[in-house]
Amino acid sequence: MNDLPHTALRGTLHVLWLSSLAVPLISVLREPSALRWLGVLGLLVLAVAYGVTLRGGPLWVLGAATLATIPLVAPVGPQELSTWAWIGGAAAGFAPLLLTGPWRWLAAIGAVVVSGLVGFFVGRDHTAYQMIAAAVGLTIVAMAGLPMWFAGLLGQARAGREAQAELAVSEERLRFARDVHDLLGHRLTVIALKSELAGRLAATDPERSAAEAFEAQRLASSALEDVRDAVHGYRAVNLPEQLEAVRSVLQEAGIRCTVSEVPVEGERATQLALALREACTNVLRHSHATWCMIDVAVAGEEVRMTVTNDGTEKPSGEGNGVRGLRERLAAVGGQVSVEKSGDVFTLQVVVPA
């Protein structure tokens with residue numbers, strides 16, 4: 001999966017966190033007594049704990065750091081800045097984002113209540129503390145909760161696209177298996193019976209035994225020809241139909257697709273269609289593409305198909321699909337090349353014309 005949404009989401013969370021600590025930091029620095037350094041220490045501990053938690057650390061670290069700031073930060077700063085109310089608001093806002101189940105809302109409400117208690121014990125207006133904490137918490141939930149929700153929907157959509165691609169491959173394999181079973185099932189049964197009959201008649205009726213053996217051989221040859229025809233029909237595909245099918249599948253997945261082609265027939269069309277299937281699978285399963293361009297053109301003694309899209313994640317090593325495609329095309333004098341420039345990924349297939 002692409003990391004861009006997660007990177008943007010982490011950036012949003014960092015900005016909201018720093019914004020919620022801006023007022024406490026200003027308030028601590030305005031403290032005239034030496035207590036300001038305890039306040040700075042408390043905010044530093046809180047910032048480190050947040051960084052640890054956001055990178056997969058235990059949530060109790062952030063909770064413990066938040067509670068530790070009460071004696072360090074709450075008594076510091078001018079009265080009008082309500083120092084710890086902003087920290088309580090950050091706790092109320094991030095609790096629904098980091099926790100799951102009913103605990104997220106209980107923790108958020110608890111942070112608002114604790115803010116009021118802190119305001120009361122430090123001799124400030126506890127109602128103002130609670131209102132500030134509630135407002136800051138709601139702002140964080142509104143600004144970060146929606147992107148997180150959209151990120152979840154994006155993950156589900158990509159999982160659906162991968163499942164769709166895998167289902168299409170499975171259905172094609174099952175179809176081919178059914179065709180082969182229908183072709184061979186009856187023939188192999190008859191061949192087995194005739195071979196058994198020929199063995200039984202070998203001693204008593206050699207002439208009929210030879211006839212049965214010859215018939216079994218004829219049936220085996222016929223079955224082999226039928227299988228070859230089935231495989232040829234399975235592999236010999238119509239390139240324009242495949243291009244239109246790929247365009248429709250990509251558009252249904254939300255990917256804008258344009259196709260330009262020249263007439264290609266025979267074995268070249270079959271090889272390009274097989275490569276097109278692999279390219280379409282890569283776009284569906286390994287990318288967050290928004291557009292895809294497919295171009296088929298004749299250049300001299302070659303036919304080239306170029307599939308370009310944005311957002312495909314180039315694997316660290318050559319995948320089995322591309323490797324198998326390269327080996328298959330090498331047998332007929334074809335070539336496969338892949339290239340990534342920025343966010344644009346290009347797969348080019350060349351077969352002799």
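Author: A definition to start with: buried means under 20% relative accessible area, exposed over 50%, and partly exposed in between, with a 1.4 Å probe and protein chains only. This is a predicted model, where local features need pLDDT of at least 70, side-chain atom pairs count only at pLDDT 80 or more, and totals for chains, interfaces and linings use all residues. Residues are numbered from 1 along each chain as its sequence is written, and side-chain values use heavy atoms, with hydrogens and water left out.

Reader: Fine. Which class does Arg 218 fall in, then?

Author: Arg 218 is partly exposed, at 41% relative accessible area. Its side chain meets that of Glu 215 in a salt bridge, 2.6 Å from N to O. A salt bridge here is a side-chain nitrogen of Lys or Arg within 4 Å of a carboxyl oxygen of Asp or Glu. Glu 215 is partly exposed too, with a relative accessibility of 23%.

Reader: Why do Glu 215 and Arg 218 sit about one helical turn apart?

Author: Because they are three residues apart in helix α7, residues 206-235. Helices are DSSP runs of H or I with at least four residues, strands are runs of E with at least two, and both are numbered from the N terminus. An α-helix has 3.6 residues a turn, so residues three or four places apart point the same way.

Reader: How many salt bridges in the whole structure?

Author: The search finds four. Another of them joins Glu 196 to Arg 200, with 2.6 Å between the closest N and O atoms. Those two are four residues apart in helix α6 (residues 126-201), which means about one helical turn between them. Arg 200 is exposed at 62%, while Glu 196 is partly exposed at 39%.

Reader: And which residue does Arg 304 pair with?

Author: Glu 302, at 3.3 Å between the closest N and O atoms. Arg 304 has 35% relative accessibility and counts as partly exposed. Glu 302 is also partly exposed, at 28%.

Reader: Changing topic. How many disulfides?

Author: Zero, searching the whole structure for pairs of cysteine sulfur atoms within 2.5 Å. For Cys 257, the nearest cysteine sulfur is that of Cys 292, 4.8 Å away. For Cys 280, the nearest is again that of Cys 292, at 7.9 Å.

Reader: Are Cys 257 and Cys 280 buried or exposed?

Author: Cys 257 is buried at 5% relative accessibility. Cys 280 is buried as well, at 10%.

Reader: Now the voids. How many cavities of 30 Å³ or more?

Author: One. The rule uses a 1 Å grid over the protein atoms alone: a cavity is a set of points where a 1.4 Å probe fits but cannot get out, and a pocket is an open set with protein on both sides within 12 Å along at least five of seven lines. Lining residues have an atom within 4 Å of a point. Grid points are joined across faces, edges and corners, and a volume is the space filled by probe spheres set on the points.

Reader: What is the volume of the largest cavity, and what lines it?

Author: About 40 Å³. Its lining consists of Ala 279, Asn 282, Val 283, Val 307, Asn 309, Phe 345 and Leu 347. At least two lining residues come from each of α9 (266-285), β3 (302-310) and β5 (344-352). The largest share, three residues, belongs to α9.

Reader: How many residues of α9 are buried?

Author: 14 of its 20, so α9 is mostly covered. From first C-alpha to last, α9 reaches 29 Å, close to the expected 28 Å. The expected span is 1.5 Å times one less than the number of residues.

Reader: And the second largest pocket, what lines that?

Author: 19 residues, with Leu 62, Gly 63, Thr 66, Ala 91 and Ala 95 lying nearest the centre. Two or more lining residues come from each of α3, α4 (83-98) and α5 (103-121). α4 gives the most, seven. The pocket holds about 400 Å³ of space.

Reader: Which residues of α3 are buried?

Author: Leu 62, Ala 65, Thr 66, Thr 69 and Val 73. They lie on the same side of α3 because they cover an arc of only 105° around the axis, taken from the directions from the helix axis to the C-beta atoms. The face turned away from that buried side carries the exposed residues Trp 60, Leu 67 and Pro 71.
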